[in-house]
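Dear colleague,

Please find the structure below, handed over for your use. My notes on what was found in it follow.

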Amino acid sequence: MVAIMLSVPASAQMSIKEGMARISERYGVNFVYDTALPVNVPCHGAFLDKGDLDGCLDALFKDSGIAWERRRKFVILTAAKTEGSPLSPPEHNEISFQMDTITAAKITGMIDRNINFTQTGLTKIDGAAFRRGFAVLSSPDVLKTLQTLPGVASGTEMLSNLYVHGGDGSDNLFLLDGVPLYQICHLGGIFSAFNTDVIDNLDFYKSGFPARYGGRTSSVVDIKTRDGDFKEYKGLFSIGLLDGRIQFEGPIVKDRTSFNLAIRRSWADAIMYPICRIRDNKRNDGMNNTTKSNVLGYSFTDFNASVTHKFSENDRLSAHFYIGNDSFKKTDSFSSASDVAVMSTQTDTDMGWGNILASVNWQKDFSSRWNMRVVSYWSGSRSVVNYNDTYDYMDNTLDVNDTSTGAEKHNAMLGHSVLDDIGLTADFDWKPSTAHHVRLGGNYIHHSFRPDYGYGESYYVSGRPVYDVFLRDSVRANGHEAGIYLEDEMSLTSWLKVNMGLRNTVYSADGNAWNSLEPRLALKVQLAPDVNVKTSYAEMSQFSHQVATTYLDLPTNCWLPSGQLVAPMRSRQVAAGIYSKFPHDLHLNVEGWFKTMDNLVEYNGMNSMFVRLDEWEESFKVGKGRSYGLEVDGGYETPALSLNAFYTLSWNERFFEDFWQGWYPDRNDNRHKLTLQANWRINGKYELYSAWNYHSGNRMTVPTQVLPQVYTNDVWLVDNDQTMPISKWLYEEPNNLKLPDYHRLDIGMNIHRRTWHGREAVWNISVYNIYCRINPIYATFSYDSTKPEEVKLEGVSHGFIPIIPTFSYTLRF
Amino acid sequence: MRYRHYTLIILALAVLFQGCERQFDIDISATGKLFLQCFPGQRDTTIIQLYKTNPLGGKVDFSSILDEADLSFKVNGVECNPQKARQRFGSVYPGCWFVPGNVPSGAKVEITAECGIVDPVGASTVIPALVPEFSYILSDDAVSISLNVDNAANTYYGLAVICERTVDNGDTREVWTVNMDPLDDGGKIAGMPYNRTCMDIEFDGRTVGGKGKDNVRVWSDEVSKEGKVDLAMRIGLDDGKLPIYDMGDSVSLRYKVRVYRFSRELFLYAESLFLSSYDVNTYSSGIISAPVSGSWGKYGITPPVLSFTNVSNGLGVLAGWTMRETEWISLD
């Protein structure tokens, strides 16, 4: 049965490379091979009929002159010795990036993953892993996947970002095909802005940053998208509980030019609008004199497009375009009419935020030792908030033609924030030998910051203005960021490998200028063939600050450059670990880190959600942070079954002298974090997934002292709020309360089917938080008012995320 | 079989729709401290409030007013021997300590206190410079003042208007003095960036309060950085605070404009009270416009508002101020 379903009628016409692609997609393995191997010749027979992976590989490479060897999730291809091929076997232990065009994608040689790379804190994820993984709320998600990794705090459930090694959410560098992206979340963090259908691979750095990266202090998420297929048209269509996706790719000129398009949209608004209308009609039915309406809608959209042209196998040009947008609209209206008066109110809230990105990428291999990549781009971040509140009143008892009989009050608030980056990046790779890899390059970015807030308030009575004001607050700032780097990775001996680098960045904005010299060093000592010890040191700087009054990812947030009062942020991090592989497909990695952060900013609270822009630095306190801890990553991985456990023991602290005279825990100071994952590919039709996530509770601030209300004669000495038996709560150390621990279990299942037309269809059924743990998002405290003399506080944790079953249906064509 | 199905469905629904709130114990190790509040300045008598706080998690000791304590109050190093008030006289009330006379500008004030129950506390401050001469424009619904300042940093000004209403019906004559209420306007609109520079507090030289007790509008030191201070606000009068009068009564109004100069400690202390007392529901225009820290900070969404203190080992504040006021002004 499985063999029948898996058989592909057209396989007789396939090349070996295409067959490899089918096997890769089916069994989740990656091929590592030398591009000189004859993989473009046709393959023989229905190799997918062989039932298991080894059978398929045997059939595919039979008589092809290619030998294969399976090592966990990687299939190593070499020239078969019997053919007398002149090719020498590749050095499996040292393969880093082996480029090829299998399924128009880059194959990443990830033999033994952490064993092989010099860097500490690096996780590589290939795009197929997202497509096979758990789909929270119907779509697989980049951020949710990264949040499970050790050393990464997830923050507030569902409304979160990445908090890496004690960092804040705004200090992660997200690169989409080499272009920085600012708005990385949809719906306040529930979805990430990255469509996994077009992701080829992802590199996630938590420490040991190579010198080619700069501009953020906590982490780097380098996402590469896939080129379109150069030979045939194909795509997928997916529909889920909250969103739908379409992806389509194929050749424009066969073997020369290809395209890849993907669009994703949520349709919560399509459901919510009619529901609101029906509810309003039902509510207003029978109400003669009053009408009330509440309309609410939210949607997000993102669109990826790329075109790639190969001038030759060593020379290619690609253009990428991305636009993502969120839209939230809310309208509340009420009107009442009587013989005496007519009154109406209407409140409109309209928010939108997103990115737009366009880039051109030129890659050229001058020789087998020299290659170059040049990227020019424009990356824009947009957010808009519009708020209008109108009140009208008309007195019917007087002459209706007399305009002096009414009152009108109007409040309006608007916020626009625009950030445009125009940049040019050039990277050169030089490989003088297999043991030596030099990277050098530079970049220039012109930042244009244009946040703009305004507020208007008017009140007219009897046609005459009582007051009518409109205030505007805006900033026009330009930043110039230029960086150069040199990175040298070499094997000094058979057991010692080093990656040394230096990055220098010059930044200027509004008459202020800074120079940042950032040393980077990573060292790998191979103790045994399967055991490495690594250490690294990295300094990073960040010159742009996310100006936000809350910890949420909201459109009221904006970005502004460092200034006289707020200097660029700086992080210094040392990391070390041991990475080992054991027999029977087991591995264990243990890594520790210590990191300091300077010039962190924290909102000082003296404002609304809109920060005063012209002197925003005065709205923030400047402090520092430190984070240290230990990560353990252990697991068992075979093509059919993978079991992984990620554990983190960490401390994350802050020092803001204006808040507290000492170090205090950060709000994401999760002492313990544990993730257990299992992925079982039962056969070619079914795969199961489950993950249990646990971390110590987040922290928040509660009062520690109470000052009883004191009333003497007619004087309230401390507070005159007479409704409270307790007069004054006093706060001391910030983040002094640890919320209850967080944990949840997710399960999911993929069911692969064949349609009548031979197309592949996948049903994904997932359940988020299967045992319905209501994890606390925040807590309030209370006391028993019937016993005012006793103020033993009880916390009430509030959570909103129950069990969420979801599904999606994906059809590949 | 049918019952089993129903049972399973009910159990599933019970799991699905279980409450979204859970009780848990807050375990915070805290010990009681001394709370000190004192605002030396131009008031004729300096009042010192000293209480013992109650750490959360235990029972409230309502006898927090200390019967006895070793209290030292020094002005420029000279001990002033504060006295414990046993009964009310004037603005001095039982339970507090007092020092007769005002404290001049520029004077250094030091307080130490010990009660034997909790750790001793200490604090010191310097009384701000005198408020310079200022010009003013006053109407029945607005006031503006202008003055030149010498030192920009850490100078905080406050503005208040006092109204005196005299009602004379021939037989009796009633005189009432109240504070005019600062009103929202372009200089202070709830929830907008422009309200960062000022806040409304109650201040009478003895206590300071937050929401609901507005009579002094206080600006941050941003307004004094250019060497010249121009402050303005709309004012209103709550008639409920004043005596009722009949049509035939003779009514007269006159005003005083007061300009305060606060120390940084007093500003930060008032600011922390001001922010922590704000509630998201205060404003009808919704969450967008509400000041966030006083409300959302309680839910961990924004940085918390902490109780400012400059009292070592304790809580509260020792902070000075000065004030200059006009003579009574009639608007006729």
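**Findings in the predicted model**

At 34% relative accessibility, Ile239(A) counts as partly exposed, where buried means under 20% relative accessible area, exposed over 50%, and partly exposed in between (1.4 Å probe, protein chains only). Ile239(A) lies in strand 13 of chain A; helices (H or I, at least four residues) and strands (E, at least two) are DSSP runs, numbered from the N terminus.

This is a predicted model, in which local features need pLDDT of at least 70 and side-chain atom pairs count only at pLDDT 80 or more, while totals for chains, interfaces and linings use all residues. Residues are numbered from 1 along each chain as its sequence is written, chains are lettered from A and ligands numbered from 1 in the order in which they are written, and side-chain values use heavy atoms, with hydrogens and water left out.

**Nonpolar patch**

Ile239(A) belongs to a nonpolar surface patch of about 660 Å², together with Tyr233(A), Phe237(A), Ile246(A), Phe248(A), Leu261(A), Ile263(A) and Phe813(A). Patches are made of residues with over 30% relative accessible area and no salt bridge; like charges are joined within 9 Å, and nonpolar side chains (Val, Leu, Ile, Met, Phe, Trp, Tyr) within 5 Å. The accessible areas come from the Shrake-Rupley method with a 1.4 Å probe, and for residues only the protein chains shown count as cover. At least two residues of the patch come from each of strand 13 (234-240), strand 14 (243-253) and strand 15 (257-266) of chain A.

**Salt bridges**

Over all chains, the structure holds 40 salt bridges, a salt bridge being a side-chain nitrogen of Lys or Arg within 4 Å of a carboxyl oxygen of Asp or Glu. Three of interest are described here.

- Asp269(A) and Arg265(A) meet through their side chains at 3.0 Å, N to O. Asp269(A) is buried, with a relative accessible area of 12%, whereas Arg265(A) is partly exposed at 34%.
- Glu487(A) forms a salt bridge with Arg439(A), and the closest N and O atoms are 3.2 Å apart. This pair links distant parts of the chain, 48 residues apart: Glu487(A) is in strand 23 (residues 477-491) of chain A and Arg439(A) in strand 21 (residues 436-461) of chain A. Glu487(A) counts as buried at 0% relative accessibility, and Arg439(A) counts as buried at 7%.
- Arg258(B) and Glu325(B) have side chains that meet in a salt bridge of 2.7 Å, N to O. Here too the pair links distant parts of the chain, 67 residues apart, with Arg258(B) in strand 20 (residues 250-262) and Glu325(B) in strand 22 (residues 321-325) of chain B. Arg258(B) is partly exposed at 22% relative accessible area, and Glu325(B) is partly exposed at 32%.

Glu487(A) and Arg439(A) are also part of a network of salt bridges that links them with Arg212(A), Glu489(A) and Lys497(A).

**Aromatic pairs**

Rings of Phe, Tyr and Trp (its six-membered ring) pair if their centres lie within 6.5 Å; planes under 30 degrees apart count as stacked, over 60 as edge-to-face and the rest as tilted. By this rule the count comes to 29 aromatic pairs over all chains. Phe655(A) and Trp663(A) form a tilted pair, at 5.7 Å centre to centre and 45 degrees between the planes; Trp663(A) counts as partly exposed at 30% relative accessibility. Tyr260(B) and Phe262(B) form a stacked pair, at 5.5 Å centre to centre and 15 degrees between the planes.

Helix 3 (residues 53-61) of chain A is largely enclosed by the rest of the structure, because seven of its nine residues are buried. Just after this helix, Asp63(A) takes a positive phi of about 60 degrees. Most residues other than glycine have a negative phi. Asp510(A) has a positive phi near 50 degrees; Asp510(A) is found in the loop between strand 24 (496-509) and strand 25 of chain A, and is exposed, with a relative accessible area of 55%.

**Confidence**

Chain A averages a pLDDT of 81, and 84% of the residues score at least 70; pLDDT is the predictor's confidence in each residue, from 0 to 100.

Yours sincerely
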